[in-house]
Amino acid sequence: MAQGRSNGITPRKVVLAPLDPVHDVGLKLIRRKLLERGHHVALLPPDLSMEEIVARAKAEDPDFIMISRALSYGISELLAKFVDLCDAAGLRERAKLVAGGLSMKPVIAQELGFDAGFGPDTPAEAAVAYVEGHEPGLSTGGRRREKADLTAGFTYKFRDAEIGSLCTTIARQLIDWASKRTSSGVERAHLRIEMESQRDSNTALYPRLRDEYAALTSGEIREWYLTGKPVSHTRPVTEKEAGYIRSLWENADKIEIPRSQEILNERNVFVQYGTGCPVMDAYHISLSVAWGARGVVHFDPSWGARNEGLLEQAWSHEHDGTVLTLDNLRLIRGGIIPGILWQVRAHRGLNTPETVVLAHLSGADLTKINIVYGSLAAGADPERLAVDGVEAMKLAAKYNLPYDVVTNEELAGVPAFKAFAGMLIVAAAGVLLGGRPLLQPLFANSPEGMIVGYTEDNFIDFNVAKMKVLSSIIDAPIWPGAPVGFLTQTQDRCQSSVMTALHAALALDSGATAVTIASSDEAYAGGPITAPARVDSLKAAAAALRFFGQGGIRPTPEADRIAEKIREGILEVLKKVAARGDFVASLYEGDLGDREDGAYPGRSGKGTVTLKR
Amino acid sequence: MSVRHRILDGCDLETFIVCKDVEEGKTLGLRLMAELGFEDADVVFCEMGGPGVRIRLRGYVYRPSADYQWYDLEV
Amino acid sequence: MRVLGFAGTAKNTGKTTTLEATIKFFADKHKNLFITGIGYDGEDFDNLTGLPKPRVFVPEGAVVASALPLLESSDAKFTDLRDTGVRCAVGRIFLGTATAPGRVVLAGPASAKDLSAVLAFAPDDSVVLLDGAFSRISPMVVADSLILATGAARSRDSHRIAREINAIHKVMDLPVIYGPSPGPGTGQTSGDGTLNVSGGLFLPGQGQELAWRLDGAGKPSTVCVTGIVNPQVFLEALGEMDLDGRRDLTVVFDHPIMLLLSGDLLRWEEVFGAIPEAGLAVGVRASTELLGVTINPYTPTESGAGKYIASYVPPESFLGDIDGLTQIPCTDIMLEGPGKLHSWLEKFLD
């Protein structure tokens, strides 16, 4: 009996026939879903002969006949016979025949003569959608093709007036200070803009600009510009390899994700790629998207942050991290299919502003900028990165390119309250410069968590506390990463995937706009991440999200206590930095993380900042 | 040409090996990978429990930047 | 347009091999071919057993109706793609013309209704080859002629196979009795002495019901039964009818294929034994010519949970036994070559 609803759906008549008593659970579930949407359903008993089902169906004159039966070689002939009987009885003049059950898939349904076939992974909703006139996806689920705007709806207003006022004061001081200074990193970014605008149109000017650029480079990068000698462990991408990538991208937009992963369509789960080889990256991006990743993050080699200047042309790198060049990015860009977000990180080294330029020129959706982490835990000189970081934020604002502000210095041992103070200052500067920053707290078993005991009992409270405190301070998007679960994963892929998945579920459950996850190889250091390891954690994330649903994860009251302590700490740090009146000096002096915390002001680019003429 | 060349990057083999301790388990695991023809093999995970080790072994067929042959040859 | 169907008594009875040999025959004769199928055929490995399958190669110029993704991925490089408007379980069915000889996977219309819609696109001068699937035969009502494939995958018992072939042959050989289209089953004998019975004879009790109707409907000279007929139910009807004084009664069914869909085929032996005794005339309103039967000694054998291996019954004795016990021509193409098949195809062309 239909429980009719005025929901604008044309009610359909559906006969459901279990062909054996064990396999009618799926049909009963479909019946409930169909009735809820106002369709007319007759569920036949499971002990009827094929002929009796045909006769009963004939009496109903249905629009759909759905049967369920676990498939085997012997049973297949019975199903074929059923199809024949329906056809000969004239039922197919009107009714569509649908088969479901273990081992069923579209090609078998087709061979048997059904109009559609659904396997055990098919949710009841897919059968309902088919009844309502939507063509079934073939063995796979759908893929959401609209690109998410991670910053939409956020006002960037400080909810915590006291902290907001301090952050704004410090950020203004930083912007003002930086506006009087420049660096080779800033100059190269502007040279790159000019070079790319002249590359094809002004063949005379381009080489001159390139010479100017080369003069501002250092180390192996400089050597390449001057002599053409490749940087260690790199070689040019061959035409054959570029062909591999292009042929992979030809069908990239046809990727549909398995139904079991469809839950990721509604969540912004990012993965990092950066095997060193653009071809391998292309495959890893493709398979990550195929298993439901909604965004991918370009991971570059660590030496890219320490040398002045970025290479040109397409390069393959034998070690971790894929070389940042416009040509590499453009090769990879082909696989960033509709609906997928692409982040090119620019946060931590001597090429920060230029990386934002490349991100823009290659069509990236997001970048990553942070002055504090790059200065205290990633080896860049604070003064240099402050100048470059402010310029990068200006460029990102100009290009309308949102960026996250990460707090990975927590991994070194910097307490969350100091890291957050730094992140909030940089984010406040970003907003003042017209940009759209995203806060990226670390979800990890950080040294602080272990030493203070925040993670003694569980990994929920400390992370939830971070979310609570940040969202109580400012109305800004929060994107935990990158990736979540640092120092909780082991080399066991089951344990690793579970930890990653639970951290992802926790992040999204506690209000995160997006989350970046690791592969199940996160804790394995013996070689590159493999494709199956990427699939592992995406599968696990989908399973965890399915498990929790709207059920939620419940922190203990400790989360509120930790949140309050973090807020107090942030306030104290900000007061100190504001009182110092010189953000860069505070970086050097350890206000945002000192040697005792494991934070050391970097030396790369030291002494390269000059006052603007 | 072996089907192995169609493997995108690495091939993991997970099993339980009966042995007396972790070191023996790892050694046997790597011997197994060598027997199977994986030259670039490693132990990703190995944990002793009861009669032996739960082990995950990995043979890299292609590391990044290698000369991939996914399409070139009939397998 | 003439339609030649390839039906089997079971999966793996050799339809694809017969189709393949037939395509080659017509290609050599430069016939305009229009090829489609009611299932899914031509893939590398069987979807259920995982065993290798024969492939379907089409010649340049052949028009193929199959799901679009399969045409697009074929090395026959199809051109002039046209949407038939019919959808099957693996996609929308398109027509394409092969620009080169090549391999194709056939996934066509599953029902007689959809098949008719697709065949409406076949040019008048074309030979339509209609590939079957499993033991499905219902859509073959649209075929002018039929080649039946059977073999060890149906039963390793050659005697049983021979009996089934004979039963099918007799059913397919029922005379075509032309007359007015049957009206709705009113339960009353019309002016021309016809009693129309709709809904078939395939459920227990329907035979008895037919006998009662016959008794209560005056003295019809013809009973037109539309729908599926099960031999057991027909026997039940014969047993219930008061046939004394009805020696002139003619029973007309839709199509012989309607008699092959329900129940045990071997029960037709009993029916054909009982009909002369009852003094009935039995015929069909339309038919499909059975050209011959191909015999396949191959059968997949389960060798453990869900794993199959290919096995064979002795081909010579299997074919010899069956051939000796049947009246319709039989051949094993792999054993005897395509000679007999070619003679049937010549007959089809005539």
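Which residues lie nearest the centre of the largest pocket? They are Pro120(A), Asp121(A), Thr122(A), Pro123(A) and Ala124(A), among the 37 residues that line this pocket. The model is predicted.

**Interface of chain A and chain C**
- On chain A, 33 residues are in contact with 42 residues of chain C.
- The two chains bury about 3100 Å² between them, with 56% of that area on carbon and sulfur atoms.
- Helices H2 (50–60), H3 (73–88) and H4 (106–112) of chain A each give two or more residues to the side that touches chain C, and H3(A) gives the most, with 10 residues.
- That side of chain A has 18 nonpolar, 3 polar and 12 charged residues.

**Largest pocket**
- Its volume is about 930 Å³.
- H1(A) provides the largest share of the lining, 6 residues.
- The lining has 17 nonpolar, 11 polar and 9 charged residues.

**Second largest pocket**
- The second largest pocket has a volume of about 810 Å³.
- Of its 37 lining residues, Gln272(A), Phe299(A), Asp320(A), Arg345(A) and Glu522(A) are the closest to its centre.
- Strand S8 (269–273), helix H12 (303–306) and strand S16 (481–486) of chain A each supply at least two lining residues.
- The lining of this pocket divides into 18 nonpolar, 10 polar and 9 charged residues.

Key: Residues numbered from 1 in each chain as written. Chains lettered and ligands numbered in written order. Predicted model: local features only at pLDDT ≥ 70, side-chain atom pairs only at ≥ 80, totals over all residues. Heavy atoms only, no water. Contact = heavy atoms within 4.5 Å. Buried area = accessible area lost by both parts, 1.4 Å probe. Helix = DSSP H or I, 4+ residues; strand = E, 2+ residues; numbered from the N terminus. Nonpolar A, V, L, I, M, F, W, Y, C, P; charged D, E, K, R; others polar. 1 Å grid on protein atoms, 1.4 Å probe; cavity = no way out; pocket = protein on both sides within 12 Å on 5 of 7 lines; lining within 4 Å. Points joined across faces, edges and corners; volume = space filled by probe spheres on them.
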